[in-house]
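Me: I would like to learn how to read the features of a model like this one. Take me through it step by step.

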Amino acid sequence: MSSQPPHSGYHWDGITPRFFEGWYFRVMIPQLADGFAFMYSIQDPSGGQVNSGGAVQILAIESNYLCRTFPDTDKFWASRQELAIIHWGKTNLKIRPCLLSPSAFFESVQEGYQATANQQQGRIYDPVTGEICQWDYRIETRYSWGDKKRPPQATAGILSYLPIFDPGWQILTAHGLATGMITHRGKNYQFENVPFYS
């Protein structure tokens, strides 16, 4: 029995030329009464389209916004079975994208991210300020969607399974706890067991 909600995996069929999918993660830091939102996306993953590529958007402390695009769709990978997404921007690796150990990720990827249900890591460069935004945190899911005594449920119930409906917005973690660090604008935010949503 899967501990991840239905539709946690990547939804592109590998054929359709026009496609978009995005993921949203929120870390709240109660001591600051503020937090960080990380949004990862991929558009037209078959490549060759004007809009083909991926992006990382971060809404940071005090509504600071940072966005980086990664036009190379060959450096994107996602699992169809579970939440696992990767997009490498700048890297010295000559292999197809794959999940790396936490230390190998920061040694080998200068810009990019990897995200699973249990760990989020990334680093992007702000060309305006010249600063690096970097994050590395673990996640413990307390509640996904549905009755906590049963396996996780699809957010839209049975409608999520019918072929005429797109899975749409799926709550993967209704409440979780995040522990780790985020470096933004020269400040290092360390946190332990803070609220997390995806």
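Reply: Start with the nonpolar core: a set of buried Ala, Val, Leu, Ile, Met, Phe, Trp, Tyr and Cys residues joined through side-chain atoms within 4.5 Å. Buried means under 20% relative accessible area, exposed over 50%, partly exposed in between (1.4 Å probe, protein chains only). This is a predicted model: local features need pLDDT of at least 70, side-chain atom pairs count only at pLDDT 80 or more, and totals for chains, interfaces and linings use all residues. Residues are numbered from 1 along each chain as its sequence is written, and side-chain values use heavy atoms, with hydrogens and water left out.

Me: Which residues have the most contacts inside the largest nonpolar core?

Reply: In soluble globular proteins, nonpolar side chains tend to be buried together. Here the largest core has 36 residues. Those with the most contacts inside it are Trp23, Phe36, Phe38, Tyr40, Ile58, Trp135 and Tyr137. Apart from it lies another core, of six residues, including Trp88, Leu100, Phe105 and Val109. Across the protein chain, 46% of the 198 residues are buried.

Me: What is Ile58 in contact with?

Reply: Contact means heavy atoms within 4.5 Å. Leave aside neighbours within four places in sequence; Ile58 then touches Phe36, Ala37, Phe38, Met39, Asn64, Tyr65, Leu66, Ile124, Cys133 and Trp135.

Me: Which strands pair with E10?

Reply: Two strands pair if DSSP finds at least two bridges between them. Strand E9 (residues 132–143) pairs with E10 in the antiparallel sense over nine bridges. In that pairing, Trp135 stands opposite Ile182 in E10. Strand E11 (residues 187–197) is joined to E10 by eight bridges, also antiparallel. Gly176 stands opposite Phe196 in E11. E10 and E11 form a hairpin with two residues between them. In the turn, Arg185 has a positive phi of about 50°.

Me: Why is E10 largely enclosed by the rest of the structure?

Reply: Strand E10 (residues 175–184) has eight of its 10 residues buried, so it is largely enclosed.

Me: Is Asp44 buried or exposed, and is Ser63 buried or exposed?

Reply: Asp44 is buried, with a relative accessible area of 1%. Ser63 is exposed, at 61% relative accessibility.

Me: What lines the largest cavity?

Reply: On a 1 Å grid over the protein atoms alone, a cavity is a set of points where a 1.4 Å probe fits but cannot get out; lining residues have an atom within 4 Å of a point. The largest cavity is lined by Leu66, Asp126, Thr129, Glu131, Ile132, Cys133, His184 and Arg185. Leu66 and Cys133 are also among the contacts of Ile58.

How values were computed. On a 1 Å grid over the protein atoms alone, a cavity is a set of points where a 1.4 Å probe fits but cannot get out, and a pocket is an open set with protein on both sides within 12 Å along at least five of seven lines; lining residues have an atom within 4 Å of a point. Helices (H or I, at least four residues) and strands (E, at least two) are DSSP runs, numbered from the N terminus.
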